[in-house]
Amino acid sequence: MSSNKGKDIAEGSSRGAAMAPDQQNPPPLSRYESQKRRDWNTFGQYLRNQRPPVALSQCNANHVLEFLRYLDQFGKTKVHLQGCVFFGQPEPPGPCTCPLKQAWGSLDALIGRLRAAYEENGGLPETNPFASGAIRLYLREVRDSQAKARGIPYKKKKKKRNPMKANDESSSFHMQ
């Protein structure tokens, strides 16, 4: 009987131990949340590697711009230079020596994630360096230059207007 009692306690404790981590572990992060965390850690590492290191509280838009330019060395998007024979061609027929850079869409998404991470990590929206006008201007210039280099103009998507809402507004206007 004592051997069964010891066995029950052992099984109960192992079962309890197996259940406890499930209850303590938060649900797995979404792909977006995982990427946001990786981006935030990468940016923090970039700041720590500066000489001298930059504290997050001292970070400004210039540090963010330097980070975006630093990332270009890891880019995979061919951006033809003004003098390149393939400049302005959407599908160039051959290789060239123009640099690879980060694609505008990747940078835009990265800034969106970092902007959110900054505030989630205690930063104030008013001091968010990722929300700076200089960053928006830089992204616009990258978008336009890459579109020109590829010969594909960027067109902003027009917002669809809700026809029901328009009818409601016009009918209420006429009824008064």
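Okay, α3 and α5 to start: helix α3 covers residues 61-71, helix α5 covers residues 133-150, and their axes come within 9 Å, crossing at roughly 25 degrees. That makes α3 roughly parallel to α5, with angles under 35 degrees counted as roughly parallel, over 145 as roughly antiparallel, 65 to 115 as roughly perpendicular and the rest as oblique. Axes here are lines fitted to C-alpha atoms, for helices over the stretch in contact, and angles between N-to-C directions run from 0 to 180 degrees. Helices (H or I, at least four residues) and strands (E, at least two) are DSSP runs, numbered from the N terminus.

Quick housekeeping. This is a predicted model, so to speak for the cut-offs: local features need pLDDT of at least 70, side-chain atom pairs count only at pLDDT 80 or more, and totals for chains, interfaces and linings use all residues. Residues are numbered from 1 along each chain as its sequence is written, and side-chain values use heavy atoms, with hydrogens and water left out.

Back to that pair. On the α3 side we have Ala61, Val64, Leu65, Leu68 and Arg69, and they meet Ala134, Ile135 and Tyr138 in α5; contact means heavy atoms within 4.5 Å. By class, that's seven nonpolar, no polar and one charged. For the classes, Ala, Val, Leu, Ile, Met, Phe, Trp, Tyr, Cys and Pro are nonpolar, Asp, Glu, Lys and Arg are charged, and the others, Gly among them, are polar.

Now, how do α2 and α4 sit relative to each other? Helix α2 (residues 31-48) and helix α4 (residues 104-120) have axes that come within 9 Å and cross at roughly 80 degrees, and therefore the two are roughly perpendicular. Among the residues making this contact are Trp40 and Phe43 of α2, plus Leu110, Arg113 and Tyr118 of α4.

Last stop, Cys96. Cys96 is in the loop between β1 (77-78) and β2 (100-101). Leaving out residues up to four places away in sequence, Cys96 touches Lys78, His80, Cys84 and Phe86. And Val85, 11 residues from Cys96 along the chain, has its C-alpha atom 8.6 Å from that of Cys96.
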